[in-house]
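Please look over the structure shown here before reading the notes that go with it. They are arranged by topic.

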Amino acid sequence: MAVGCIYGLVALGFVLIYKATELVNFAQGDLLTLGAFVCYMAVVWWGLDYWVGFVIAVVVIGAFGALLDRVVLRQVIGQPQFAVVMLTIGLGAMFRTFASVTWGSEIYTLPTPFGGVWTIGGVTLSHQYLSIIAGTLVLCGVLYAFFNHTRLGVAMQATSQNQLAAYYMGIPVKLIFSLIWAISAGVAAAAGILLAPVTLIDTNMGLAVALKAFAAAVLGGFGSIPGALFGGIIIGLIELYAGATLPEGFKDTAPYIVLLLMLIVRPQGLFGTLTRKKV
Amino acid sequence: MRFPFKTSYNQDIRLFRDRVDVFWYGLLAVAVLVLPLLMDEYYVGESTWVFIYGICGVSLMVLVGYTGLVSLGHAAFLGIGAYAHAFFIMHGAPWVVAVGLAVAITTACGLIVGLPALRMTGIYLAIATLAFSVIIQEVFSRWESVTHGFAGMKVDRPVIFGVAFADDRSFYYLCLFFLVIVLWLTRNLLRAPTGRAWIAIRDSEIAAQSMGVNLAIYKSMAFAYSAGVMGLAGALFAHKIAFLAPDIFNILLSIQFLLLVIVGGLGSLHGALFGAVFVALLPPLIAILRDSIPDSMAEFAVSTGITPVASVGAAVGAFLAKPGVEAGIFGLILVLVILLEPLGMYGRWLKIKLFFSTFPMYKASTFKRQKSYMRSERLR
């Protein structure tokens with residue numbers, strides 16, 4: 001459930017960028033890794049408070065995401081989607097190398113204030129997992145409120161629906177793109193920090209999560225925000241049950257098998273809408 | 001500048017454009033045939049990678065560059081080919097039969113993957129093939145009666161009709177032979193109606209459909225052909241690395257193949273070969289640089305008296321020696337190529353050629369991209 005929430009959060013990042021700019025960001029998982037590392041640096045090396053580290057990491061990675069959009073991805077708008085996919089794959093490889101050169105290939109543990117457990121009716125709930133679920137809920141609540149009740153959020157929705165119309169209405173589309181990248185990268189960083197106590201921090205933590213988050217995003221229908229979260233939770237649960245009940249080896253592949261079946265049966269996902277081009 | 005004088009429509013689809021072309025390709029063939037006799041055996045072995053990657057590149061070029069279907073899971077086909085070949089060899093099948101069966105099995109797998117792929121486009125297809133490759137990799141590590149799992153599988157050098165291809169030189173010629181066969185087959189397919197149908201699908205599915213191209217047939221044909229060629233590459237790959245383990249055929253290898261076709265130049269067979277040269281020779285180049293830069297920089301520092309140069313050289317050497325740097329360099333090159341030269345190395349080659357053939361008259365704007373607005377792929 002908790003891991004599913006992480007998948008949901010990362011999938012949310014994919015969906016935000018896809019909805020707005022029609023780019024698919026394969027480097028999302030590596031942004032997650034970078035977020036976790038920045039938080040680790042802030043907390044352990046500089047001795048800051050966990051929450052301060054959290055905010056610093058989210059802001060730094062968010063700013064980095066905006067910069068990425070401004071400098072690199074702005075150049076490829078209008079090129080085929082495939083080129084952009086490869087571009088983000090290349091960026092992801094660069095980030096991974098950057099992380100492994102800077103922080104080495106050791107595994108780090110991020111100290112968190114969530115050490116205890118609650119026992120409710122015989123069920124033990126660790127604070128770490130609860131923190132992930134609570135963090136996901138809070139982030140989603142904030143994003144929901146932002147998109148529906150602020151001028152900027154509504155402008156972002158308008159941009160993702162029709163850029164040209166949004167531009168005519170006086171919305172600074174380029175700025176909105178950068179902001180969406182910032183939000184998406186920030187969400188990835190937050191997911192990385194929440195995940196850090198569970199999986200520990202190493203340079204490849206993002207890749208595995210990102211692949212499953214993809215499955216989640218497709219399951220929910222690329223382009224649907226509630227779908228992404230829902231898909232993430234479903235993928236998390238599938239992984240859990242496959243690991244518990246099916247033979248060894250199915251834990252890691254079950255999400256992909258479900259994904260393939262989903263793509264064959266209903267390619268637009270659970271919450272997606274299919275559109276046809278009119279000639 | 002040469003102006004071909006066209007007297008018949010067949011001239012447009014000839015295998016070679018004119019006699020000058022034949023001359024240059026002939027020269028290339030002679031060079032490739034003679035070179036291994038002059039080179040050190042180590043370099044012959046490294047150049048064999050160029051041919052194997054070349055076959056992989058042709059396979060992916062047909063799918064990505066000519067049909068416009070993106071696959072992030074081609075390493076799985078390579079793995080299927082390699083394992084099938086090794087399995088049949090181990091069970092005593094003659095080499096030619098084993099290769100034939102490996103190619104047939106991968107073609108069938110390509111067809112099976114291609115069928116659901118007919119309903120998807122763009123990013124969905126990429127994700128589906130990615131999922132397929134993850135599943136196949138898991139199958140490789142779990143199906144121990146065939147693949148021996150993580151214990152691995154040893155593959156000896158091929159023996160064909162009693163002739164052993166034991167040393168690197170003879171294996172070089174074997175790979176070269178298959179590359180030429182694959183190139184010839186693919187070129188013939190591409191200049192036939194099949195190839196034109198593929199290109200039409202790439203440029204616009206709706207337009208192709210309206211012109212009477214059967215999307216289902218041609219797309220699955222592209223998938224099956226691409227997978228089959230990959231299976232052949234897999235058989236050679238198995239002999240080349242001599243030891244199969246499931247974690248070789250991971251996503252990073254698939255990404256490396258995509259890098260190959262993009263850096264080489266999408267939509268041309270030349271591009272697949274340029275890309276193969278690049279991908280096969282970059283890792284040895286990095287290794288050479290890693291070993292030589294600190295020393296040469298230190299010598300330079302001593303001879304000129306500028307001492308900081310030596311420490312810069314040492315730092316560069318240490319940086320290149322860190323694990324995982326190679327992937328980062330590949331990533332950086334990929335990003336730079338997509339941003340600066342979307343047509344890849346072959347595109348750059350065409351520009352250079354045009355510059356010299358039209359010498360004082362070259363205009364950079366010949367290749368200037370037209371202003372492009374965002375094209376929505378949400379509405380197919």
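This is a predicted model: local features need pLDDT of at least 70, side-chain atom pairs count only at pLDDT 80 or more; totals for chains, interfaces and linings use all residues.

**Confidence along chain A**
- Among the elements of chain A, the lowest mean pLDDT, 64, belongs to strand β1 (residues 117-120), whereas helix α3 (residues 50-71) has the highest, at 84.

**Helix α11 of chain A**
- Helix α11 (residues 250-265) of chain A has 16 residues and reaches 21 Å from its first C-alpha to its last, which is close to the 22 Å expected at 1.5 Å a residue.
- Its buried residues include A:Pro255, A:Tyr256, A:Leu259 and A:Met262, and the cover over the buried residues of α11(A) includes α9 (205-220) and α10 (225-245) of chain A, together with α4 (95-117) and α5 (122-142) of chain B.

**The largest nonpolar core**
- The largest nonpolar core has 198 residues, and those with the most contacts inside it are A:Ile6, A:Val10 and B:Ile55.
- Helix α8 (residues 173-199) of chain A gives the most to this core, with 17 residues.
- Leaving aside residues up to four places away in sequence, B:Ile55 touches B:Phe178, B:Leu179, B:Val182, B:Val229, B:Leu232 and B:Ala233.

**Overall form of chain B**
- Chain B contains 15 helices and four strands, and buried residues make up 40% of its 380 residues.
- Among contacts in chain B between residues at least 6 apart in sequence, 74% join residues at least 24 apart.

Methods: Residues are numbered from 1 along each chain as its sequence is written. Chains are lettered from A and ligands numbered from 1 in the order in which they are written. pLDDT is the predictor's confidence in each residue, from 0 to 100. Helices (H or I, at least four residues) and strands (E, at least two) are DSSP runs, numbered from the N terminus. The expected span of a helix is 1.5 Å times one less than its number of residues. A residue is buried if 20 or more other C-beta atoms lie within 10 Å of its own, exposed if 12 or fewer, and partly exposed in between; C-beta atoms are placed from the backbone. Two residues are in contact if their C-beta atoms, placed from the backbone, lie within 7 Å. A nonpolar core is a set of buried Ala, Val, Leu, Ile, Met, Phe, Trp, Tyr and Cys residues joined through C-beta atoms within 7 Å.
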